[in-house]
Amino acid sequence: GYALLLPRLGVFSAGIARGGGDSRGGQLSVALDRQSRSWSYSAQHLVGSEGFLRLGETQPASLRRSVVRTSWRLGSSGLSAGWIANRTTTSRTETANLAYNQQLRSGLSASLGAAFDLTGAGNDSIVGTLSWLFDPALSAYAYAQHSDAGTLGRVGVQRNPADTLDWSARAAVDRGSLERISAGADYRSTRATLHADVEYSEEAAVRLGIDSGIVILGSDRIWTRPLDGPFAVVETSARNPVDVYVENRRAGATRAGAPLLLPDLRGNQLNRVAVSQADFAIEERLDTFTRTVVAPSFGGLRVRFDADPRAMRRLRLLLPDQSPVPAGSDIAVDGRMTDLFTGLRGEATLLHDPGIHRLQVRWPAGSCTADVTLNADDSLLQPPLDVRCWPDNEDRR
């Protein structure tokens, strides 16, 4: 394949494919696509041999296909038109369509569209739609469609999931060429997906379902909802539940010793995995709150958010006369300058490996040296540790 960005014209692309085994022959395609706020268009032409099959096909989806689409947007209204011609080994279709949509007010929009069968088979249709968006999750719609097969009207309402772990619901009433009342709901948790549907046409029907699975990654065995692609196992050292997000969408919670499975990653692409900073106590420090991973096309990987192994403790640096070291003094640790400095009352926060460390404190009128011992279990919740800071060149006895 090849793609080229042509300024002001769009993206030109071309491709060639060759098949072997049960797929014999090849396929060629060429396309031009332009997307903008005011007007857009796309055109594509594809031609292939009768023996060429893509994975999953038993018959070629297209031997020859041409598509042209264009759209204009003017303020709160838009107009689009398209033409498609497709030929397979057993059929030929050619359709032209025209659509107009109008934003009536905030959350309320209307559209009118028509499709024309250019082969003369009599499959023309016209559709009108009115939709209301009450909030990002809840919407309602009403539409009417007239074609050679009859007239169909539908009124419906639906609730979309707000995030990956959420519920959705839908209900619709059909009148005209189809008389039907239907409703359904889905609920997705970290371990399963539940489905429920009810429908009444000439007779009532009910369908209930649950989808679940088990993932094995190394020594982990995780009960999970169904997987459709790559996944990740997220681990943290936090003692409390920690919310995990994929591309800013909540995916569940994990805790120490209980990893969380993320089954909704994009294969061979960058995936942003993050944990909630608010779920960590101030003394629980992570090396990072966000990781970007590339998942395989199918399979799993492990993502760890490890605690910072360094110890942290609040200090109060005092001179021999018990007066605090001046605020704003620079602090070097073990002979290396840092971005540490003292605050009011000589207070400072030291983050370093457990052990004994020497601090060199300097301010415009003087300097002093102090030795501090950090323990692995030191915490910011402990009261400040008083540390004697001896002025340089002064007897410490």
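Guide: Buried means under 20% relative accessible area, exposed means over 50%, and partly exposed lies in between, for a 1.4 Å probe and protein chains only. The model is predicted, so local features need pLDDT of at least 70 and side-chain atom pairs count only at pLDDT 80 or more, while totals for chains, interfaces and linings use all residues. Residues are numbered from 1 along each chain as its sequence is written, and side-chain values use heavy atoms, with hydrogens and water left out.

Visitor: Does Ser276 count as buried or exposed?
Guide: Ser276 is found in the loop between strand E21 (270-275) and strand E22 (290-294), where strands (E) are DSSP runs of at least two residues, numbered from the N terminus. Setting aside residues up to four places away in sequence, Ser276 touches Val242, Asp243 and Tyr245, a contact being heavy atoms within 4.5 Å. Its relative accessibility is 15%, and Ser276 therefore counts as buried.

Visitor: Which residues are in contact with Ser139, leaving aside its neighbours within four places in sequence?
Guide: Ser139 belongs to strand E10 (residues 138-147), and its relative accessibility of 13% means that it counts as buried. Leaving aside neighbours within four places in sequence, the contacts of Ser139 are Trp132, Leu133, Phe134, Val157 and Gln158.

Visitor: In what order do the three strands of the open sheet stand?
Guide: Strand E17 (residues 231-236) is joined to E20 by three bridges and the two run antiparallel, two strands being paired if DSSP finds at least two bridges between them. Within that pair, Val233 stands opposite Leu261 in E20. The pairing in the open sheet is mixed, and the order is E20-E17-E23. Each of the edge strands has a single partner strand, so one side of each is left without a neighbour in the sheet, and these edge strands are E20 (260-262) and E23 (300-305).

Visitor: How many residues apart are Glu235 and Arg302?
Guide: The side chains of Glu235 and Arg302 meet in a salt bridge at 2.9 Å, N to O, a salt bridge being a side-chain nitrogen of Lys or Arg within 4 Å of a carboxyl oxygen of Asp or Glu. Glu235 counts as buried at 15% relative accessibility, whereas Arg302 counts as partly exposed at 35%. The pair links distant parts of the chain, with Glu235 in strand E17 and Arg302 in strand E23, and the separation is 67 residues.

Visitor: What distance separates the C-alpha atoms of Asp371 and Gln102?
Guide: Asp371, in strand E29 (residues 366-374), counts as partly exposed at 40% relative accessibility. Its side chain meets that of Arg358 in a salt bridge (2.8 Å, N to O). Gln102 is 269 residues from Asp371 along the chain, and their C-alpha atoms are separated by 73 Å.

Key:
Helix = DSSP H or I, 4+ residues; strand = E, 2+ residues; numbered from the N terminus.
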